[in-house]
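Here is a briefing on a predicted model.

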Amino acid sequence: MSSEQTPSTAPAPAGLRPRRLTYAAGLAALEGLALLVGGVWMLVLGLTGQPADRQQAVTGGVTLAVLALLPLLAARGLLGRRGWSRGPAVITQLLALPVAYNLLQSDSVAIPAGIVLAVVAVTALVLLLNPETTRALGIRGPGNAGK
């Protein structure tokens, strides 16, 4: 293999972490914590309450708790300026947008939650795709692999 085909494992450039990156990590962590709290809440209600379907409540709670790992790990990676962490963080935001849309379509108190989720997801996407964030994570665009 030539050196052009070998992936670079060079660390991200040294220096201070940009505020945009810190804010993006904070938003990802916030989403992860919200998923974890929601999952634990569903699990506890499924085990102690009287849900219509106990198995579905427990499964939903465990699923949400496990899904919380993605944004939490991404947030930790973003704080550590790891290039791999932007992918899971962006995926989390892209998955949050349809959820926010569904919450906005409801006729209940879920509408404010949908608004908040949409604002957080769009804000995090803007922060994650910002060129300053990309540089801080050491991510090079197409055609810049040799630079």
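Helices α1 (19–48), α3, α4 (86–105) and α5 (110–128) each supply at least two residues of the lining of the largest pocket. The top contributor is α4, with 5 residues. Helices here are DSSP runs (H or I, at least four residues), numbered from the N terminus.

**Pocket**
- The largest pocket holds about 510 Å³ of space.
- A pocket is an open set of points on a 1 Å grid over the protein atoms alone, where a 1.4 Å probe fits, with protein on both sides within 12 Å along at least five of seven lines.
- Its volume is the space filled by probe spheres set on the points.
- The lining has 16 residues; E31, L35, A96, V99 and L117 are the closest to the pocket centre.
- Lining residues have an atom within 4 Å of a point.
- By class, the lining divides into 14 nonpolar, 1 polar and 1 charged.
- Ala, Val, Leu, Ile, Met, Phe, Trp, Tyr, Cys and Pro count as nonpolar, Asp, Glu, Lys and Arg as charged, and the others, Gly among them, as polar.

**Helix packing**
- α2 (residues 54–67) packs with α3 (residues 69–79) at about 15°, axes 5 Å apart.
- Therefore α2 is roughly parallel to α3 (angles under 35 degrees).
- Axes are lines fitted to C-alpha atoms over the stretch in contact, and angles run from 0 to 180 degrees between N-to-C directions.
- A65, V66 and L67 of α2 meet L69, L70 and P71 of α3 (contact: heavy atoms within 4.5 Å).
- This contact has 6 nonpolar, no polar and no charged residues.

**Confidence**
- Mean pLDDT (the predictor's confidence in each residue, from 0 to 100) is 87, and 86% of residues reach 70 or more.
- Over residues 1–12, pLDDT is below 50.
- Where pLDDT is low, predicted coordinates should not be read in detail.

**Basis**
- Residues are numbered from 1 along each chain as its sequence is written, and side-chain values use heavy atoms, without hydrogens and water.
- Local features need pLDDT of at least 70, side-chain atom pairs count only at pLDDT 80 or more, and totals for chains, interfaces and linings use all residues.

Conventions
Angles under 35 degrees count as roughly parallel, over 145 as roughly antiparallel, 65 to 115 as roughly perpendicular and the rest as oblique.
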